[in-house]
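Me: I have a model open in my viewer and would like to talk through it with you. Could we take it step by step, with the cut-offs spelled out as we go?

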Amino acid sequence: MLLGFVLIFAYAFIVWLVFFKYRWLKFTIAWGFFSAFFVIHLGIIFLLGLRYVAPYATEARMIQHTIQIVPRLPEPTLVTAVLVQPNVRVKKGQPLFQFDRRPYEYKVQQLQAQLASAKQGVLVLRADTQAGNDGIAKLKADLEYAKYQAKTATGLAKRGAGPEEDAQKWTAQVAANEAAIREAQADETTAELKYNSEINGVNTSVAEAEAALKQEIYYLDNTLIVAPEDGYILNLQVRPGMVAGDIRFGAIASFVADADRYLLANFFQENLKYVKPGQPVEAALDLYPGQIFTGKVDAIWQGSGAGQMLPSGTLPSFNYVPTEIPQGQFAVAIRLDGLDQSRFPIGTQGRAAIYTNPHSAFVVLRKIGIRGYTWLNFIYPFSG
C-alpha cells in the first residue's frame with residue numbers, strides 16, 4: 001500500500017512540475033485521460049488490499065439461540081399462573097408457567113389404583129394356578145371312581161344282575177369327567193401363561209400399569225414449565241386462564257438463551273479467501289454509536305441455501321441470472337470480547353471488519369472507515 005501512495009504522490013508531483021510549475025508541456029485532454037488511467041489502475045492496489053487483507057461486512061447482526069416453550073401435555077390444559085416477567089433474566093430451572101394440576105393428579109390416583117389392582121391380580125393368578133392344580137387332581141379322582149363304577153355296572157348288566165341304564169350312566173359320567181379334566185387343564189394353562197408372562201422379571205400386567213403411571217406422572221411434572229437454561233422471555237403474551245397443550249408444535253412463548261451468542265456477518269465469497277478462525281475482528285454496532293468492539297472469527301459458514309436441492313421428481317432447471325443481481329454471500333460467526341455479553345442483545349445490527357493480516361498498512365484504512373461509520377451513527381438516520 002505504501003508503494004501505491006508513493007507512486008500516486010510522485011506522479012502528481014511530476015504532473016505539477018511539468019504542466020503547471022514550469023509549463024514544459026501543455027496539459028491536454030490526452031494527458032488527462034492518461035493521468036486518470038494511471039491513477040485508477042494504482043487504485044486497484046487499494047481495492048485488492050482492502051478486499052483480502054481487511055474484508056468488510058455491511059450486514060452483521062447478533063444471533064442468540066431461542067427455545068420454543070411448548071407445553072408437553074396430552075390435552076388442553078388451563079394456565080393457572082404466570083411466574084415470569086418479560087425481559088427479566090431467569091436462571092435454569094426457575095419456574096415459568098404453572099398449568100392446572102388437578103386433571104393429572106386425578107389420573108395419577110386412578111393409575112395408582114390400577115397398579116395396586118394389577119399387583120393383586122398377580123396374586124390371584126398364582127392362587128388360580130394352585131386351585132387349578134387341585135381341581136384337576138380332584139377331577140382325576142372322580143374320573144377313576146366313575147371308571148370303576150362304569151366297569152362294575154357293565155359287568156353286572158352282562159350277568160343280568162344289574163340294570164343296563166346304570167352302565168350307560170357311568171360310561172357317560174366317565175366321558176363328562178374326561179371333558180372336565182381337559183377344560184380344567186386348559187384353564188390352568190391360561191392361568192399359568194398369565195402368571196408367568198413377564199418383562200424383566202415383572203408381570204406384564206403390572207409392567208403395563210407401571211408404565212402408564214410413569215407416563216402420567218411425567219405429564220403431571222410438566223404442568224410446571226421451568227427455564228431450560230439461563231435467559232429471558234420476550235413478548236410474553238401468556239395469561240392465567242389461557243388454555244394450551246392441545247397442539248404440540250404450538251409454542252406459547254420464545255425463550256432467549258444467554259449462552260453462546262455470536263455476531264453473524266455476511267461477506268462476499270471471494271473476500272473470504274484468506275479468512276481463518278481466530279483472526280481479529282472489529283465491529284461497529286448501531287446500538288452503540290461511536291464505539292468499536294473487538295472479537296475473533298469463530299467459524300466460517302461455507303455454504304448457503306443457493307446450493308441446496310430438495311429431493312423431488314422434478315428435474316432442476318437453470319436460468320440466467322443477471323449480473324446486476326448481488327451474488328450469494330457466506331456468513332462468518334464472530335465471538336465478541338468481554339465477559340458481559342448481555343450488552344449485545346439479539347438482533348443488534350452493525351458492520352464488521354476482519355483483519356487477515358493485522359500488521360498490514362491496509363488495516364489502517366479499514367479502521368478509519370469503520371470508525372467513520374460508527375461516528376456517523378450519532379446523526380444517521382435522520383429520524384430526529
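Reply: Gladly, and a definition comes first: buried means under 20% relative accessible area, exposed means over 50%, and partly exposed is in between, using a 1.4 Å probe and protein chains only. This is a predicted model, where local features need pLDDT of at least 70, side-chain atom pairs count only at pLDDT 80 or more, and totals for chains, interfaces and linings use all residues. Residues are numbered from 1 along each chain as its sequence is written, and side-chain values use heavy atoms, with hydrogens and water left out.

Me: Is Asn-235 buried or exposed?

Reply: Asn-235 lies in the loop between strand 8 (231-234) and strand 9 (243-244); helices (H or I, at least four residues) and strands (E, at least two) are DSSP runs, numbered from the N terminus. Asn-235 is not a glycine, yet its phi is positive, at about 50°. With 61% relative accessibility, Asn-235 counts as exposed.

Me: What is the phi of Asn-87?

Reply: Most residues other than glycine have a negative phi. Asn-87 is found in the loop between strand 3 (77-82) and strand 4 (95-99), and at 51% relative accessibility it counts as exposed. Although Asn-87 is not a glycine, its phi is positive, at about 65°.

Me: How many helices and strands are there in the protein chain, and what share of its residues count as buried?

Reply: The protein chain has 6 helices and 15 strands. Out of its 384 residues, the share that count as buried is 31%.

Me: What percentage of the contacts with a separation of 6 or more comes from residues 24 or more positions apart?

Reply: A contact here means heavy atoms within 4.5 Å. Among contacts in the protein chain with a separation of 6 or more, the part that residues 24 or more positions apart account for is 81%.

Me: How many salt bridges are there?

Reply: Side chains of opposite charge can pair when their charged atoms come close. The rule used is a side-chain nitrogen of Lys or Arg within 4 Å of a carboxyl oxygen of Asp or Glu. By this rule the count of salt bridges is 8.

Me: Why does the salt bridge of Glu-270 and Arg-51 tie together parts that are apart in sequence, and how many residues apart are they?

Reply: The two side chains meet with N to O at 3.8 Å. Glu-270 is partly exposed, at 27% relative accessible area, and Arg-51 also counts as partly exposed, at 31%. Glu-270 sits in the loop between strand 11 (262-268) and strand 12 (280-285) while Arg-51 is in helix 2 (residues 29-53), so the parts that this pair ties together are apart in sequence by 219 residues.

Me: How are the rings of Tyr-52 and Tyr-274 placed, stacked or edge-to-face?

Reply: Rings of Phe, Tyr and Trp (its six-membered ring) pair if their centres lie within 6.5 Å; planes under 30 degrees apart count as stacked, over 60 as edge-to-face and the rest as tilted. The structure holds 6 aromatic pairs. In this one the centres are 6.0 Å apart and the planes are at 80°, so the pair is edge-to-face.

Me: How many residues apart are Tyr-52 and Tyr-274?

Reply: Tyr-52 is partly exposed, at 23% relative accessible area, and so is Tyr-274, at 45%. Tyr-52 belongs to helix 2 and Tyr-274 to the loop between strand 11 and strand 12, so to speak distant parts of the chain, linked across 222 residues.
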